[in-house]
Amino acid sequence: MKSILGTLALSAICLTTAQADSGGMMPRYVPQAYTQECAACHTAYPPGMLPARSWERVMSGLDQHFGTDASLDAATVTQLGQWLQTHAGTYKRVNEEPPQDRITRSSWFERKHRNIDALVWKHASVKSAANCAACHTGANQGQFDDDNLRFPPGLDARLRRGWND
């Protein structure tokens, strides 16, 4: 019985790690504070999209979080920080820390969006590259595959060209 329980526990850990390393999926367990606090202002990014060192800096600088004071109480910072560290990306595409720890400045993000016209990010229905849900219908569930893309409302044909890569 002990070996079955041990195998099940190890399988659960491996599944969680695989999801974190996919970068595009949210781990099975997401702290309620992550959804309440982080997703209140932007996409609740899957932790696998940044390496652990980047998440550490993000969480230690919440008072100046990309131009906004996103401070949280110490217990919440500890809880979310540990969760982000546990599920941080460890695979090849996120080994490199992006400039300013911005997901949208990472080499993989820029490569995937290289054909998107800069005007798209400024369009009224998009507002910034950080608004993943403007184009990725599953962004809030951590799904960013190309099969679930949509054109943001009001985007003219010229600006839609980037979706044809």
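This is a predicted model: local features need pLDDT of at least 70, side-chain atom pairs count only at pLDDT 80 or more; totals for chains, interfaces and linings use all residues.
Residues are numbered from 1 along each chain as its sequence is written, and side-chain values use heavy atoms, leaving out hydrogens and water.

The protein has 6 helices and 0 strands (DSSP runs of H or I with at least four residues for helices, of E with at least two for strands, numbered from the N terminus). Buried residues make up 36% of its 165 residues (buried is under 20% relative accessible area, exposed over 50%, partly exposed in between, with a 1.4 Å probe and protein chains only).

Helix α3 (residues 52–60) and helix α4 (residues 74–87) have axes that come within 9 Å and cross at roughly 165 degrees; the axes are lines fitted to C-alpha atoms over the stretch in contact, with angles from 0 to 180 degrees between N-to-C directions. The two helices are therefore roughly antiparallel to each other. On the α3 side, A52, W55, E56 and M59 make the contact, and on the α4 side V77, L80, G81, L84 and Q85 do (contact means heavy atoms within 4.5 Å).

Within α3, the buried residues are S54, W55, V58 and M59. They cover an arc of only 130 degrees around the axis, so they sit on the same side of α3 (the arc is that of the directions from the helix axis to the C-beta atoms). These buried residues pack against α2 (32–38) and α4, while the face turned away from the buried side carries the exposed E56 and S60.

Definitions and conventions:
Angles under 35 degrees count as roughly parallel, over 145 as roughly antiparallel, 65 to 115 as roughly perpendicular and the rest as oblique.
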